[in-house]
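Biologist: I am new to this structure. Let us look at it together and take it one question at a time.

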Amino acid sequence: MAASTAITVAYGASYLVPLPSAFAISSRRFSSLSSPNKILDLSYLRRRVNAPSPTPRRVVVRAARTESREVKLGARAPDFELPEPLTGNLWRLDDFELYPCLLVMFICNHCPFVVHLKKDIVKLSNFYMQKGLAVVAISSNSVVTHPQDGPEFMAEDAKKFKYPFPYLYDESQEVAREFGAVCTPEFFLYKKNGRRPYELVYHGQFDDSRPSNNIPVNGRDLSLAIDLALSCQPIPSNQKPSVGCSIKWHPVTES
């Protein structure tokens with residue numbers, strides 16, 4: 001995909017949350033004004049105004065960064081059977097059997113790294129699906145810890161961003177483990193040779209852009225791999241890992 005078609009999404013991995021002012025006055029102290037016979041005690045204000053000014057404070061919330069782990073190139077695509085919350089359909093690996101290449105993406109709703117790329121993921125998918133690429137997205141995040149990533153919200157997200165690919169729900173998280181996925185977003189590109197099963201040819205990043213590094217989103221790394229795969233050319237094995245939020249695994253309960 002050409003760099004000129006890139007879209008930069010204005011989302012960041014850090015959020016500044018303002019704390020209440022140190023000079024905020026409770027409403028109780030203004031109740032004295034309602035009675036003309038009472039003298040307003042200003043000693044509290046004088047003590048606060050004369051006190052040393054506190055250093056301004058900011059709360060910074062950051063997304064945990066995780067790199068995708070190495071998965072052996074040439075590995076076969078694991079079989080799966082997962083529901084699509086938007087339609088209620090079940091999808092299997094066999095449903096993509098007729099396509100020469102398959103892109104499997106592990107994403108979610110809330111992760112800032114995914115939000116940063118969502119519109120461009122849709123744009124890239126629309127472009128290459130017309131050239132014969134099959135695309136599927138999977139969310140494996142635990143709804144116990146992150147209910148905003150549950151199936152109801154997945155359906156809303158798919159509709160809002162007009163996903164051209166099925167967005168599947170991996171409730172058991174077994175599919176993520178079989179693929180070796182550990183973060184969102186994470187990209188697995190598979191290719192078929194004749195009647196042989198899909199084999200992994202690319203497991204790397206979308207591009208160099210991150211939510212806070214001011215590098216424009218262009219999808220260069222992934223689009224180059226797709227171009228090479230669709231044209232039956234070898235893909236370099238030196239691939240940069242994807243970076244994102246860790247998959248939110250179900251909490252372990254002690255018996």
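Biologist: Which residues have the most contacts inside the largest nonpolar core?

Modeller: Keep in mind that this is a predicted model. Its largest nonpolar core has 37 residues. Those with the most contacts inside that core are L103, M105 and L189.

Biologist: How many residues does the second, separate core have?

Modeller: This second core stands apart from the largest one. Its members include A77, A176, A181 and Y190. The count is 22 residues.

Biologist: What does L189 touch, not counting residues up to four places away in sequence?

Modeller: L189 is one of the residues with the most contacts inside the largest core. Among those it touches are C101, L102, L103 and L133. Others include E199, L200, V201 and Y202. The list also holds A225, I226, A229 and I235.

Biologist: How many helices and strands are there in the protein chain?

Modeller: The protein chain has 255 residues, and buried residues make up 43% of them. Of the contacts with a separation of 6 or more, 77% are between residues 24 or more positions apart. As for the elements, the chain has six helices and twelve strands.

Biologist: How many residues of strand 7 are buried?

Modeller: Strand 7 covers residues 133–139. On one side, L133, V135, A137 and S139 are buried. On the other, A134, V136 and I138 are buried too. Both faces are covered, and the count is seven of seven.

Biologist: In what sense does strand 7 pair with strand 6, and over how many bridges?

Modeller: Strands of a sheet pair through backbone hydrogen bonds, either parallel or antiparallel. Strand 6 spans residues 101–106. Its L102 has A134 of strand 7 as bridge partner. The two strands pair in the parallel sense, over six bridges.

Biologist: Which residue in strand 8 does S139 stand opposite?

Modeller: Strand 7 pairs with strand 8 as well, in the parallel sense. That pairing runs over three bridges. In strand 8, S139 stands opposite Y169.

Biologist: In what order do the three strands of the open sheet come?

Modeller: The pairing in this sheet is antiparallel. Strand 3 (66–67) and strand 9 (183–184) are the edge strands, and each pairs on one side only. Strand 9 and strand 12 (residues 243–246) pair over two bridges, with S246 as the partner of C183. The order is 3-12-9.

Biologist: Where is the cis peptide bond?

Modeller: Look at the loop between strand 9 and strand 10 (186–191), where P185 has its place. Omega is about 0 degrees. The bond joins T184 and P185.

Biologist: With which side chain does D157 make a polar contact?

Modeller: D157 is found in helix 4 (residues 151–160). It counts as buried because its relative accessible area is 10%, which is under 20%. Beyond four places in sequence, D157 touches N109, K118, Y163 and Y167. The polar contact, at 3.3 Å, is with Y163.

Biologist: Is Q173 buried or exposed?

Modeller: Q173 sits in the loop between strand 8 (167–169) and helix 5 (174–179). Its phi is near 70 degrees, a positive value in a residue other than glycine. Its relative accessibility is 1%, so Q173 is buried.

Biologist: And N214, buried or exposed?

Modeller: N214 lies in the loop between strand 11 and helix 6. Its phi is positive, near 60 degrees. The relative accessible area is 76%, so N214 is exposed.

Biologist: Which residues is I215 in contact with, leaving aside neighbours within four places in sequence?

Modeller: I215 lies in the loop between strand 11 (199–202) and helix 6. It counts as partly exposed, at 37% relative accessibility. Its contacts are D208 and S209.

Conventions
Residues are numbered from 1 along each chain as its sequence is written. This is a predicted model: local features need pLDDT of at least 70, side-chain atom pairs count only at pLDDT 80 or more; totals for chains, interfaces and linings use all residues. Side-chain values use heavy atoms; hydrogens and water are left out. Two strands pair if DSSP finds at least two bridges between them. Helices (H or I, at least four residues) and strands (E, at least two) are DSSP runs, numbered from the N terminus. A nonpolar core is a set of buried Ala, Val, Leu, Ile, Met, Phe, Trp, Tyr and Cys residues joined through side-chain atoms within 4.5 Å. Buried means under 20% relative accessible area, exposed over 50%, partly exposed in between (1.4 Å probe, protein chains only). Contact means heavy atoms within 4.5 Å. A polar contact is a pair of N or O atoms within 3.5 Å; within protein, one must be able to donate a hydrogen and the other to accept it, and residues adjacent in sequence count only if both atoms are side-chain atoms.
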